[in-house]
Each structure stands twice: as structure tokens, then as C-alpha cells.
Amino acid sequence: MPYDRALLHSAANIRGIKNPSQLAREAGLSVPTAWRIWNGVGAPRGDHADRVADAVGISASSLYTRAAGAAA
């Protein structure tokens, strides 16, 4: 399922998160996992999605809801 990386980056920017390393620190993820999510190599799922969403201040479902609506 695709997710909205633009929303992720925008929300992260508001929180001062500018790169995958910062996302990894804030979300409690490994740097390689954060890099994949940040760059769209893999979508955050389950616990990772919850951690990323908490770190950037959005709901996990909004990452997918907006992407699905944009694709329609």
C-alpha cells in the first residue's frame, strides 16, 4: 500500500526533522529502516508506522488515507 511521503516530509519538517537520521532518533528506528521509509523504498507498517506518525505529529492512517485519495 503506498503512503504519502510528501505528507511525511512536510510534517517532519514542521517538527524539525530534516533527514532519515533525525527520523530514526525521534521515532526510535534503526537508521536503515528510517532511510527506507524516508526515501520511499518501503512503507512504514505496524509499530514502525505508529512510531513515525508519533514522531512527526500525524496519525498513521493519514499517511495512507491521503495517498489513496491522491491516487484516485
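User: Before we start, what counts as a helix or a strand here, and how many of each does the chain have?

Analyst: Helices are DSSP runs of H or I with at least four residues, and strands are E runs of at least two. This is a predicted model, and from the N terminus on its elements run α-α-α-α-α. So by that DSSP rule the tally is zero strands and five helices.

User: How do α2 and α4 sit relative to each other, roughly parallel or roughly perpendicular?

Analyst: Take helix α2 (residues 20-27) and helix α4 (residues 46-56): their axes come within 9 Å and cross at roughly 100°. Angles from 65 to 115 degrees count as roughly perpendicular. That makes α2, relative to α4, roughly perpendicular.

User: Which residues meet where α2 touches α4, and how many of them are charged?

Analyst: On the α2 side you've got Leu23, Glu26 and Ala27, and they meet Arg51, Val52, Ala55 and Val56 in α4. Sorted by type, the contact has five nonpolar residues and no polar ones. The charged ones number two.

User: Which element gives the largest share of the largest nonpolar core?

Analyst: That core has 22 residues, and those with the most contacts inside it are Leu8, Ile17, Leu23, Val56, Ile58 and Leu63. Two or more residues come from each of α1 (5-14), α2, α3 (31-39), α4 and α5 (60-71). The largest share is five residues, and it comes from α4.

User: Leu23 turns up in that core. Leaving aside neighbours within four places in sequence, which residues is Leu23 in contact with?

Analyst: Leu23 belongs to α2 and takes part in the meeting with α4. With neighbours within four places in sequence left aside, the contacts of Leu23 are Ile17, Gly28, Ala34, Trp38, Val52, Ala55 and Val56.

User: Is Asp4 buried or exposed, and which backbone nitrogens does its side chain reach?

Analyst: Asp4 is in the segment before α1. With a relative accessible area of 11%, Asp4 falls under the 20% cut-off, so it counts as buried. A polar atom of the Asp4 side chain lies 3.0 Å from the backbone nitrogen of Leu7, and the side chain also reaches, at 3.1 Å, the backbone nitrogen of Ala6.

User: What separates the C-alpha atoms of Tyr64 and Leu7?

Analyst: Tyr64 lies in helix α5 and is buried, at 14% relative accessible area. Along the chain, Tyr64 and Leu7 are 57 residues apart. Their C-alpha atoms are separated by 9.9 Å.

User: What percentage of the chain's residues are buried?

Analyst: Buried here means under 20% relative accessible area. The chain has 72 residues, and the buried part makes up 38%.

Terms used:
Residues are numbered from 1 along each chain as its sequence is written. This is a predicted model: local features need pLDDT of at least 70, side-chain atom pairs count only at pLDDT 80 or more; totals for chains, interfaces and linings use all residues. Side-chain values use heavy atoms; hydrogens and water are left out. Axes are lines fitted to C-alpha atoms, for helices over the stretch in contact, and angles run from 0 to 180 degrees between N-to-C directions. Angles under 35 degrees count as roughly parallel, over 145 as roughly antiparallel, 65 to 115 as roughly perpendicular and the rest as oblique. Contact means heavy atoms within 4.5 Å. Ala, Val, Leu, Ile, Met, Phe, Trp, Tyr, Cys and Pro count as nonpolar, Asp, Glu, Lys and Arg as charged, and the others, Gly among them, as polar. A nonpolar core is a set of buried Ala, Val, Leu, Ile, Met, Phe, Trp, Tyr and Cys residues joined through side-chain atoms within 4.5 Å. Buried means under 20% relative accessible area, exposed over 50%, partly exposed in between (1.4 Å probe, protein chains only). A polar contact is a pair of N or O atoms within 3.5 Å; within protein, one must be able to donate a hydrogen and the other to accept it, and residues adjacent in sequence count only if both atoms are side-chain atoms.
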